[in-house]
Amino acid sequence: MSYINPVKRAYLALENWFNISFGNDWNPLYHLGTLAFFFFWVIFVSGLYLFIFFDTSLSGAYASVEYMTHEQWYAAGVMRSLHRYASDAVVLTIILHMFREFSLDRYRGFRWFSWITGVPNLWFVVTLGITGYWLVWDELALFVAIKSSQLMDALPFLPASMSRNFLESQINDRFFTLMGFLHLLGQPVFLAFALWIHVKRLSDVSIIAPRGLAIGSFVALLVLSLLAPAVSHEAADLAKTPAVLNIDWFYLNIYPLLDNWSSGEVWVLTIGITVFLMLMPWLPPKKTGPAAEVHLQECNGCEQCAMDCPFDAISVQARTDGARWEHEVVVLEHLCAACGICVGSCHSSNPFRHAREKLVTGIDMPQQPINDIREHVTAAIDSLEGENKIIIFGCDNAIDFAGLKSSNIAVVSYFCAGMIPPTMIEYALKLGADGVFITGCRTGDCYYRHGNRWFDERFAGSRQPILRKRADRRRIHIFRAAETDCKKLRKELAYFEDSLAKLKREAANTGEADHA
Ligand code: HEM
């Protein structure tokens, strides 16, 4: 088994545990981005309701929140708690999302854009929460307001002393209304725009959490809201120092630092962390193989590869070579992840074509052309001996399958399960393999986002190019697993060998019966 770093190993074990508890489709760790979007919806809807009763003036804000919390606890009170807890859940989800991308090494190379556009989103969410706390105008809000202005004071480009303004109780309704505007409109619109940029780089992004997961999360928030409703501190009073402040550590964690650190030091820490996070994709950089290449003479411009590309790296344009087709595809090299999924999408990647000549397909990976794969498959099957000849088509980013090679088992690696042309499976069976065993990343967690999904749809006949009906499904086995699932892999392979042997016996018995 190849080396797996301890962070990745621990994280994969955690995901495995969640898979067992929730099933792959509802594993929250596979849906952290969509869950964050779901929590935003809860925040948005509950926020709209709160806005109806909220008094945006300095003098009326606290009383209006108190009214909602105590007088109308059954509706506005619950909404307030939902708003609070969904906000905390967003930060938790984002941090887990970030940690996941990091621990599974999905932040470097071609993923740099998603990573560095994610970092500001985290800060935008945190500052949105901070202005939210400000609006309650209780002792905590005053603490936040004073500490925030202390931080602002340390910035050389802000002239007047903001904290002095607070201390001299010059804060007025207009300023408070500005905070309200920021929290209710300015920051959410800005965040929505930043999120759009964050997911723009990817194709076919889902921002809707699976229904069961969304319902489960909502029920959890609701139960929490009923059991521990969000409440305010005493009303803000500049003359009083509050004895105890209940800090929301998801949003307000830097403020207690100001008790011991200067504002400048807190800024250095915050900026330092941000710069470090932004530089991470290049420390050390991850090399992505050469981009896919289009061979126009074999491309009929069907656009399937452009539809399947998980990173929007293939565009379609009018034909330039005078061929009778209307379109051709172009690879945008700077966006290409070199996943090879386009090779699996291309009808021309059919190994039965040009049996005696070099196989050229419409779109290919220069570092592992389809012709080499065909030659490898042919040679590997030729070399197999024994009863059950199996060829493994393995995804490089999932389990390490190289060690399974034996006299009756050959291995061929692909960058992604989505790179496997369905005709290559038929080809292997036709050439003499008794079975084709396909490995890929865990269900719901394809390293290249859509490879497993496209593979399944091609297999089921609902996506082009399809695996034809004549391919005997009983001789094809799909096993999805992470790098840490080696024992399961061996078990599954043994099971497949048994089922192939059984098939052969059944065929032999039927043959004998027919003969008799
Ligand atoms: C408000 C916060 C965020 C939301 C709602 C969010 C949501 C999403 C969504 C929906 C995706 C697409 C997943 C897919 O379809 O494969 C995504 C991808 C990604 N996000 Fe975020 N994200 C947020 C913050 C962050 C942060 C803070 C980071 C890291 C600094 C980050 C890093 C990434 C990366 C690296 C990907 C690419 C995943 C891939 O290519 O497979 N995100 N995010």
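Before I start, a word on labels: helices here are DSSP runs of H or I with at least four residues, numbered from the N terminus. I am also keeping in mind that this is a predicted model.

**Entry 1: around the ligand**

I looked up which helices surround the ligand. α2 (32–53), α4, α5 (112–135) and α8 (173–200) each supply at least two residues of the shell. Which of them gives the most? That is α5, with seven residues.

Next I checked which residues come nearest to the ligand. Of the 27 residues around the ligand, the nearest are Gly33, Ala36, Met98, Ser114 and Gly118. I also sorted the shell by class, and I noted 15 nonpolar, eight polar and four charged residues.

**Entry 2: α3 against α4**

I am writing down two values here, because a pair of packed helices is described by the angle between the axes and the distance between them. For α3 (residues 61–71) and α4 (residues 73–103), the angle is about 115° and the axes are 6 Å apart. On the α3 side, Met68, Thr69 and His70 make the contact, and on the α4 side I found Trp73, Ala76, Gly77 and Arg80. By class, this contact has three nonpolar, three polar and one charged residues.

**Entry 3: Phe110**

I then followed the chain past α4 and stopped at Phe110, which lies in the loop between α4 and α5. Is Phe110 buried or exposed? I counted Phe110 as buried, because it has 21 C-beta neighbours inside 10 Å, and the cut-off for buried is 20 or more.

Which residues does Phe110 touch, once I leave aside its neighbours within four places in sequence? My list for Phe110 reads Thr288, Phe311 and Ala337. I looked at Leu335 too: the C-alpha atoms of Phe110 and Leu335 are separated by 6.7 Å, although the two residues are 225 residues apart along the chain.

**Entry 4: the open sheet**

Last, I moved on to the strands. Four of them form an open sheet, and I read the order as β6-β5-β7-β8, with parallel pairing. Which strands sit at the edges? They are β6 (409–414) and β8 (476–480), each of which pairs on one side only. On average, neighbouring strands of this sheet are turned by 20° against each other, direction ignored.

I took a further look at one pair. Strand β5 (residues 390–395) runs parallel to β6, and six bridges join the two. As a landmark for finding this pair on screen, I noted that Ile392 has Val411 of β6 as its bridge partner.

Technical notes:
Residues numbered from 1 in each chain as written. Predicted model: local features only at pLDDT ≥ 70, side-chain atom pairs only at ≥ 80, totals over all residues. Axes fitted to C-alpha atoms, helices over the stretch in contact; angles between N-to-C directions. Contact = placed C-beta atoms within 7 Å. Nonpolar A, V, L, I, M, F, W, Y, C, P; charged D, E, K, R; others polar. Pairing = 2+ DSSP bridges. Near = placed C-beta within 6 Å. Buried ≥ 20, exposed ≤ 12 C-beta atoms within 10 Å, placed from the backbone.
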